[in-house]
Amino acid sequence: MLLYLIRRLVYTIPIALGVTLVVFSLVHLAPGDPISAIAPADAPPEVVERLKKDYGYDKPLPIQYGIWLGRAIVGDLGASVATGERVAAQVMVAVSNTFMLAVAAALLGFSLGLLLGFIAGYSQGGALDRLATGVAVTGISVPHYWLGMVLVIIFSVELGVLPAMGMGEGSSAEWKWDWLHMRSMVLPVITLSVIPLGIVTRTVRATVADILSQEYVQALRAKGLGDRRVLVHVAKNAAPTVLAVLGLQFGYLLGGSILIETVFSWPGTGFLLNNAIFRRDIPVLQGTILVLALFFVLLNMLVDLMQTAIDPRIKRS
Amino acid sequence: MSPPPLDPRDRGGKAQPLLAVTGLKKYFHLKSGLLSSAAGVVQSVDGISFTVRKGETLGIVGESGCGKSTTARLLMRLIDPDAGEVIFDGETIGTHDGMSIREMRRNMQMVFQDSYASLNPRLPIEESIAFGPRVHGIPRAAARERARSLLEQVGLDPNLYVRRYPHELSGGQRQRVNIARALALEPRLVIMDEAVSALDKSVEAQVLNLLMDLKTNFGLTYIFISHDLNVVQYMSDRVLVMYLGKLVEIGTVEAIYNRPRHPYTRALLSAMPSMDPARRTTQPPLTGDPPNPINPPSGCRFRTRCAFAEEVCARAEPKLVESDEATLHHVACHMAIPGSGHSAATRGIAEAAAS
Amino acid sequence: MADAAANFVRIAEPLGPATELSVKSRSYWSSVLGKLRRDPVTLTCAGILVLIFLSAIFAPLIIPADPYKTSMIRRLQAVGSPGNLLGTDELGRDMIARLIYGGRLSLLMGTLPVINALLIGGLLGVTAGFLGGRVNMLIMRTIDVFYAFPSVLLAIAISGALGAGLMNSIVALTIVFIPPVARVSEAVTTSVRGLDFVEAARASGARSWTIIRVHILGNVLGPIFIYATGLISVSIILASGLSFLGLGVKPPEPEWGLMLNTLRQSIWVNPVVAALPGTMIFLTSICFNLMSDGLRSAMDVKL
């Protein structure tokens, strides 16, 4: 197991490095000189030169990358071009706000999805199965930013029972776990949970149906095993596949919340990214994306390891 | 066996072997993953040499994993050998002054075990059969014509079957198609890699008889690979026995089945189901699985399962020596080598003299 | 005798996979069509999609109203107003016209990246799968790096860096969809390459290109294509999502995502009209998803 762990880590490093390389090159994707985004349009040439030197843009690209990577590793993501604030600090606040949404949406979407998927897989062709399949295909087809708007229209505009945007009173620093604040989470969390709900339902349904059609399950039944005991077998065998999907979906929640945060003006990473894009604040853009992508890489690795740990078919030697 | 008609493509005459294999070797390196440090080496085929005479059927037997199929794929160059030389009717394959691999593949064809997987599910069988000739530059109409005539030769009415797809045929019918496909390039040698093993017994007999007929009609030479000793006995003129990548015994079918010398061959034969009570032997049957091919035993590879193993068997690898000239019988066992150091070595000679 | 033997074989053969026997010879594709013909959901979805595509293409013939023509006095009219059956937007432009014309850009932005990715990712994946070894390693590890980003994040990162615009969003989405297509293509090709009929084709002396053309492509394009039709649904949502963020097409172009964005300010005034563009995205996306499912089961593809 330890050897496997090490091997998996070794495999992750090049991927993580590749991710940093992609994020780094975002600056150079941007049209024009990267410095033109920072310097005022009428800046004299010597100021531009100095800025270039300060930001290290006068050096060859590989060296620039090396410097940038070296700083990023120790947690220095630079400063915002627009506000001068440290990017790392901004990202940390945003990430924790995004996490709140993502974790709550995951809990909601995953538990409903597991339940629906299991029921559907068991009652294939029945009314419940059709309902679950309908929920699944709706979940993966609905433009979630639009669903957010529709929920706002229903619950804020028409009924006026839930807030349409923000994190409740005060900034995110004044967040409290009381209803006054938490009610602002309700709509974004529901909106965000729809995609994982659809995908988890679909995967669990397919996996359970597949396992139930296997001969060994029929053998278990023929042996006279009760439904509940068979269910335990099914759950055990479905676990690795389902776990992998849950892990991936949690990662996608972090990325996917960008659009939802914009709809609800939730001050998370999406909000931060959105602002960075419109101010052409490349360091903030880079920093946010780097943190989210690296988290996703890490999550993938953890899922892999956990999957290996619970799947008896994968050799761990 | 009736002498096959003289093939106009024949070069070296009757006496020259159609195929001469020397020191054929393939090790598979197991990679442990990303860092590709070799975790082990499977000595799948370890330096085997044999010849196939014109017009004969050479059977190859052995347990699964002994390297039979790898040998077939090495001969077809579907995998590249690590070492060894293959000479086809006097021409060395894969050297610039010999025979090109493409040329070899026109002369040598193969029928695979899995009749379904070896036909492209998206092509009508006519196209599958005509593919080979098309590749070798035969016009479409002529290639299709050949496909139809071959279907007839393998016992499938072309009017009924040409446009069918593999999933519409039974296993036996598909294997007939595969045989037709192998014959479409008019090869001189056909390798049957467990070609009938997946078939139902009654179908198997039909296909075996078909193979016998085709051999006479087309003047073919066969290498017939199977784990089924009855089938090999029925089909072969000579038999080659493999164990863990090594050739352990070779000789005429009569010599191998009636006077096996190698303990492994004897054990295999004793495990063979037979209707004949007189054929019951008192030999110890094989126990256990073959050892791990990643780290095969030193010396003689069979010694870990051999009832006669002695100290010399672990120390030295037995060479393949001639045991009887008349039956082309060769065996790789210390008991058959006089003065090898094995206690039964001399007795072995005495036995041979007595028989 | 041969026929009798063949008939006997049929009955006496319990072995071998897929002994599906049919009286008449049918090619794979004709059986797929037959199955689709009996699938009302897939047919309905295909019909709706054809309708949406045709009305977008022939928009000027269908709707006389100008989607760009603003009217200060007729802003945010409700659904059912005379002259504007689905109301007007925040600048008084006719919603029906904008929804129909909007399909042009939304569908283009949704489908073109998937088609691009199908070509590029498919080529990369099939090459990697067929050649194996180092080439596979090089291609697939690079793909892995891009696959390590959640798709929404990657799309926003790239189009955010490139700047807003139709072309930029198409490029960004193409980059997003290449890795999944390449992965599926590689997996399918690798599994097909290992089958005996490819070995048999090699054994007949065929060159790699001939084998890919005759034996590999016919067996891998179906699954790859089906996977791509499923991606179109994601692509439509993402493309409109980029416009919704202001990263896609620029005003005053009609585009469903952008329309949602600009109408968002008006939900307190006219919520129903504000939500309309989203229904179009939803409808298109769900139809693509259901059609992809239908095709998948008709073609009997497991992904």
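Two strands pair if DSSP finds at least two bridges between them, and helices (H or I, at least four residues) and strands (E, at least two) are DSSP runs numbered from the N terminus. Welcome to a predicted model, in which local features need pLDDT of at least 70, side-chain atom pairs count only at pLDDT 80 or more, and totals for chains, interfaces and linings use all residues. Side-chain values use heavy atoms, leaving out hydrogens and water, while residues are numbered from 1 along each chain as its sequence is written and chains are lettered from A in the order in which they are written.

**Chain B overall**

- Chain B holds 12 helices and 12 strands.
- Of its 355 residues, 54% count as buried, meaning under 20% relative accessible area with a 1.4 Å probe, protein chains only.
- Take the contacts (heavy atoms within 4.5 Å) in chain B between residues at least 6 apart in sequence: 65% of them join residues at least 24 apart.

- Strand β8(B) covers residues 221–225, and five of the five are buried, so the strand is largely enclosed by the rest of the structure.
- On one side of β8(B) lie the buried Thr221(B), Ile223(B) and Ile225(B), and on the other the buried Tyr222(B) and Phe224(B), so that both faces are covered.
- Strand β7(B), residues 189–193, runs parallel to β8(B) and is joined to it by five bridges, with Val190(B) opposite Tyr222(B).
- From β7(B), the chain passes through helix α7(B), residues 201–218, to β8(B) in a right-handed β-α-β crossover; with the strands pointing away from the viewer, the path from the first strand over the helix to the second runs clockwise.
- Strand β3(B), residues 57–61, is also parallel to β8(B), and four bridges join the two; here Thr57(B) stands opposite Tyr222(B).

**Asp281 in chain A**

- Asp281(A) sits in the loop between α11 (269–278) and α12 (282–310) of chain A.
- The side chain of Asp281(A) makes a polar contact with that of Ser80(A) at 2.5 Å.
- Beyond its neighbours within four places in sequence, Asp281(A) is in contact with Ser80(A), Val81(A), Ala82(A) and Ala276(A).

**Ser71 in chain C**

- Ser71(C) belongs to the loop between α4 (59–62) and α5 (95–131) of chain C, and is buried, with a relative accessible area of 18%.
- Not counting residues up to four places away in sequence, Ser71(C) touches Leu91(C) and Gly92(C).
- Ser71(C) and Asp89(C) are 18 residues apart in sequence, with 9.6 Å from C-alpha to C-alpha.

Methods:
Buried means under 20% relative accessible area, exposed over 50%, partly exposed in between (1.4 Å probe, protein chains only). A polar contact is a pair of N or O atoms within 3.5 Å; within protein, one must be able to donate a hydrogen and the other to accept it, and residues adjacent in sequence count only if both atoms are side-chain atoms.
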